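This report reads through a two-part question: how single residues sit within their elements, and how those elements sit within the whole. Please look over the sequence and the coordinates before going on.

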Amino acid sequence: MTLLGLDNLTLTQTAAYVGGAAAMGLGAIGAATGEGFTASRASEAIARNEEHAGDIIKNMLVGQAISESASIFSLVIAILLLFMDMPDPGIVKAASLLAAGLCMGFGAIGSGVGAGLPAGRSCLAIARQPAVSGRITTNMLIGTAVCQTPAIFAMVVALILLFKPAGGAAAFPTSAALIGAGLSTGLAAIGSGYGGGMAAGASCEGVARQPETTTAVTTTMLVGQAVAQTPSVFGLLVSFVLMFRSFPESTALSASVGLLSAGLCMGLGGIGPGIGNGMTAEGAVRWVARRVDYSGDLMRIMLVGQAVSQSTAIYAMVVSLVLIFVV
Amino acid sequence: MDRLGEIHQLLIPLSGYTITINLEVLVMTGIVFLLALTFGFVASRQKKILPGKLQLIGELIVLTFFGLTEEALGRTHARTYAPLICALFIFLLISNWLGILPHLEEPTRDLNTPLSLGILGFVVAHYVGIRNKGFKVYIKSYFEPVFFLMPLNVIGELAKIVSISFRLFGNIMGGAIIILVVSYLTYSILLPPFLNIFFGLFVGTIQAFVFTMLTVVYISVQLK
């Protein structure tokens, strides 16, 4: 079976090149935006407190280096796509290479922008409270590292898609399922990465405002970020189901479109809850820093609010699973 | 590269079904148990008012998690559940750190470990909920705010197990795969040790903490 009148090797190589371009092209968006935000806040911070310019610049560079890691993941995937040898070319392999590129490209957007937020706001925080700059930088490092989780999920799915042997799987609907798997984790990572960044940014400010509340602020931040990442965890789950379930051969258009839509549904459905949960966590972290004696109640309210906004991601997951298993 | 996805399994056929045992995970979990028990034994062997180094580390972990549990559950419940929480953290911490030693693997890299720990937390949380609120109030909470939302409330509760266990599994396995691929691309020159520090020590610690805290939080949500 051929597609577009191309032979298998040409088709697979074409898909690998398009995938590589998408991985690096899309993957550059997030990190660059995040780093720009960091630098702009660093300028503001230095203008306010010129004496500690050294600390601020050091903090800015460390933060930018971590924001960059999402696009470094993209670079690794893009290089692998361009120079990998193709053991079993075919429509399934072509689809899985294209999906790997799309997954990593989309997946790096949210984490890149998200990691820029705590990096920038920690520069301002150091300008405000230079005495605890070490503590602020540590908090920023933890926050930005946790922001990378959605990008790491995207990279895991991309690597599995790259190295998964196509085997004798039927071209349709398996190839549609693989593209769906890539889109599911990739798109769902956008919201979660950005949302996690919002929570981490508020925590850097909180540490500067009330250094003695650092433990409570960091704990609230971590729990908030973890819940904000849940949509991308659901995306990962749907991707795994799409990648590892074997589908009976069917050339009917509806079977292929159904599996592609399952991935698209979870991916798009995960963006909103990720950002919304991040906003909730940001609010909770900000107020824990001001009223640490209410931290237990604030965390409970945060979780209840997040659970409600999470339910939309659960609807998306239910629809995806219905599309996979029932339709 | 061939090591990607390779698992050593013991297959036991049993009247039509096959019991699958992942040997590596069992051995690695055993090593984690041994390390944790050794740490506990050595740290508490000679208890002093002026603690030694190991005793200090042990006291730090226990005090931190007792404090966090107390904040979330209140003093009486903390006395019951804090030991479980401390044990969970120590087990996860050693598990996630195990991968930095050559030839050893994190038990948490296999989905079975995080999933069973997630189910453990889920069962404990719902046990606490039923015991504290009474069975009637507990069941009623699923029919709120409107009765026909019940299926979605149940799915929402089950989704907690998925999210808590896949988060840990994804992070640890992701780190392991990235280290493997980068070592392969760079012929194991220069980069892998730094990646091991980042994914093994740093991400491993954070994820152990996040998993433990989420378990505490799930219990506290059922309590109120």
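In which helix of chain A is A:A176 found? The residue belongs to helix 6 of chain A, which covers residues 171-209. The model discussed here is a predicted one.

## A:A176 and its surroundings

A:A176 has 24 C-beta neighbours inside 10 Å, and because a residue with 20 or more is taken as buried, A:A176 counts as buried. Apart from its neighbours within four places in sequence, A:A176 is in contact with A:S256, A:V257, A:L259 and A:L260. A:C147, by contrast, stands 29 residues from A:A176 in sequence, and the C-alpha atoms of the two are 30 Å apart in space.

## Helix 6 of chain A

How many of the 39 residues of helix 6 of chain A are buried? The count is 37, so the helix is largely enclosed by the rest of the structure.

## The largest nonpolar core

The largest nonpolar core comprises 168 residues, and A:I77 and A:A158 are those with the most contacts inside it. Helix 3 of chain A, residues 91-128, gives the most to this core, contributing 23 residues. When neighbours within four places in sequence are left aside, the contacts of A:I77 are A:A23, A:A100, A:G101, A:M104, A:M155 and A:A158.

## Chain B as a whole

Chain B is made up of seven helices and two strands, and its elements run β-β-α-α-α-α-α-α-α from the N terminus on. The C-alpha trace of chain B spans about 60 × 60 × 35 Å along its principal axes, and 34% of its 224 residues count as buried. If one considers the contacts in chain B between residues at least 6 apart in sequence, 64% of them join residues at least 24 apart.

## Helix 2 of chain B

Helix 2 of chain B (residues 53-73) has 21 residues and reaches 30 Å from its first C-alpha to its last, close to the 30 Å expected at 1.5 Å a residue. Its buried residues are B:G58, B:F65, B:L68, B:T69, B:A72 and B:L73. Seen down the axis of helix 2 of chain B, these buried residues fall within an arc of 115 degrees, so they line one face of the helix. On the other side of helix 2 of chain B, the residues B:K53, B:L56, B:L60 and B:L63 are exposed.

The cover over the buried residues of helix 2 of chain B includes elements of both chains: helix 7 (214-228) and helix 10 (295-325) of chain A, together with helix 1 (23-43), helix 3 (75-98) and helix 7 (191-223) of chain B. After helix 2 of chain B comes B:G74, whose phi is positive, near 90 degrees.

## Where the chains touch

The contact between the chains takes 31 residues from chain B and 26 residues from chain A. On the side of chain B that touches chain A, the elements giving two or more residues are helix 2, helix 6 (150-185) and helix 7 of chain B. Which helix of chain B gives the most to that side? Helix 6 of chain B does, with 15 residues. Sorted by class, the side of chain B that touches chain A has 22 nonpolar, six polar and three charged residues.

How values were computed: Residues are numbered from 1 along each chain as its sequence is written. Chains are lettered from A and ligands numbered from 1 in the order in which they are written. This is a predicted model: local features need pLDDT of at least 70, side-chain atom pairs count only at pLDDT 80 or more; totals for chains, interfaces and linings use all residues. Helices (H or I, at least four residues) and strands (E, at least two) are DSSP runs, numbered from the N terminus. A residue is buried if 20 or more other C-beta atoms lie within 10 Å of its own, exposed if 12 or fewer, and partly exposed in between; C-beta atoms are placed from the backbone. Two residues are in contact if their C-beta atoms, placed from the backbone, lie within 7 Å. A nonpolar core is a set of buried Ala, Val, Leu, Ile, Met, Phe, Trp, Tyr and Cys residues joined through C-beta atoms within 7 Å. The expected span of a helix is 1.5 Å times one less than its number of residues. The arc is that of the directions from the helix axis to the C-beta atoms. Ala, Val, Leu, Ile, Met, Phe, Trp, Tyr, Cys and Pro count as nonpolar, Asp, Glu, Lys and Arg as charged, and the others, Gly among them, as polar.
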